[in-house]
Amino acid sequence: MTDTPAIVPPESSSAGPSDVDRMRSVTRRSFATGGIAALAGVGGWTWLQTRPFADGIPSPFRQMHRFNEQVGRALFSAEHRAPEFPRSRAGNPRVNGRIGWQKDFPDAEGWRLSVEIPGAPARRFALSEMTRLPRTELVAEFKCVEGWSQVVQWSGWRFSDFLTGFGLLPPASAPFALLATPGAGYTAALDLPSLLHPQTLLCDTMNGEPLTPSHGAPLRLVLPVKYGIKNIKWLSSIRFESARSTDYWTSRGYDWYAGL
Ligand SMILES: Nc1nc2c(c(=O)[nH]1)N[C@H]1C(S)=C(S)[C@@H](COP(=O)(O)O)O[C@H]1N2
Ligand SMILES: [Mo]
């Protein structure tokens with residue numbers, strides 16, 4: 001993705017597929033550049049697209065700024081769902097990538113997921129605390145940049161439920177996150193709309209069985225709107241930040257967005 005600034009006129013209210021596509025590219029570009037303001041109706045929602053890094057928020061929307069930025073973007077990206085499949089189509093993906101794995105990993109009981117938000121004390125969650133969130137499952141195609149894919153059934157918790165359920169929505173000034181294994185041997189950088197996407201899950205099972213260590217136990221990220229490289233195994237920390245970080249694969253020349 002190139003980081004050229006975009007100048008796009010405000011859209012009127014009707015949102016056909018082309019408007020949706022256009023807004024999607026505006027969303028991507030404005031995340032990359034600091035962007036522009038546009039007003040759009042998407043699927044009946046009137047949503048103010050403000051500049052993520054600007055202070056000058058129109059006053060009627062000031063109160064709703066977080067809501068519009070985060071929930072609005074998530075609802076918007078929800079229109080771009082990855083296809084889902086019947087459970088019968090699911091099979092086992094190959095084990096692909098052990099980067100960041102360490103033989104002295106804590107067990108599931110000792111595992112902690114830490115969350116850092118600028119300006120707030122870091123928080124740590126035990127996996128047992130996740131059971132307070134509603135479980136959900138997903139059968140979707142898992143795609144590796146190497147060219148193979150596999151339909152897999154995953155279950156766990158929606159990432160958006162994790163953030164909202166534990167009061168972890170970052171401020172609008174921190175719309176990116178860097179996710180890491182213990183010791184950060186492997187990292188995946190993501191934008192907040194992708195994390196809030198309804199098909200983005202924190203998973204502890206695969207095809208109805210507890211996740212195995214080689215597939216990322218005790219906890220991995222699954223997001224079928226991105227290639228496998230962003231589906232980080234052995235997830236132990238999430239750090240929200242104001243600008244996008246490089247991650248394991250982008251520092252080796254892969255596309256930051258890695259979207260499907
Ligand atoms: N920690 C970690 N996560 C990772 C990787 C890795 O090497 N280390 N490889 C990625 C890649 S390239 C793919 S395709 C998938 C593979 O997941 P699987 O082994 O469960 O099939 O994990 C992703 N997540
Ligand atoms: Mo991959």
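In which loop is Pro-218 found? In this predicted model, where local features need pLDDT of at least 70, side-chain atom pairs count only at pLDDT 80 or more and totals for chains, interfaces and linings use all residues, Pro-218 belongs to the loop between strand E10 (209-210) and strand E11 (220-222). Strands here are DSSP runs of at least two residues, numbered from the N terminus. The peptide bond that joins Ala-217 to Pro-218 is cis, with an omega of about 10°. Another loop, between strand E7 (176-180) and strand E8 (187-191), holds Ala-184. Ala-184 is not a glycine, yet its phi is positive, at about 60°. Residues are numbered from 1 along each chain as its sequence is written, ligands are numbered from 1 and chains lettered from A in the order in which they are written, and side-chain values use heavy atoms, with hydrogens and water left out.

Turning to the ligand, 20 residues surround ligand 1, each with a heavy atom within 4 Å of it. The closest are Arg-94, Ile-99, His-215, Arg-220 and Lys-233. This shell comprises 10 nonpolar, six polar and four charged residues, where Ala, Val, Leu, Ile, Met, Phe, Trp, Tyr, Cys and Pro count as nonpolar, Asp, Glu, Lys and Arg as charged, and the others, Gly among them, as polar.

Polar contacts (pairs of N or O atoms within 3.5 Å) tie in several residues by name. The side chain of Arg-220 places an N or O atom 2.7 Å from an oxygen atom of ligand 1. From the backbone, a polar atom of Asn-96 is 2.8 Å from a ligand 1 oxygen, and an N or O atom of Arg-98 lies 3.4 Å from one. Ligand 1 taken alone exposes 530 Å², of which the protein buries 98% (Shrake-Rupley method, 1.4 Å probe).

The space that ligand 1 takes is the largest pocket; a molecule sits in a pocket if more than half of its atoms lie within 2 Å of its grid points. A pocket is an open set of points, on a 1 Å grid over the protein atoms alone, where a 1.4 Å probe fits, with protein on both sides within 12 Å along at least five of seven lines, and lining residues have an atom within 4 Å of a point.

Key:
Polar contact = N/O pair within 3.5 Å; in protein donor to acceptor, adjacent residues only side chain to side chain. Helix = DSSP H or I, 4+ residues; strand = E, 2+ residues; numbered from the N terminus.
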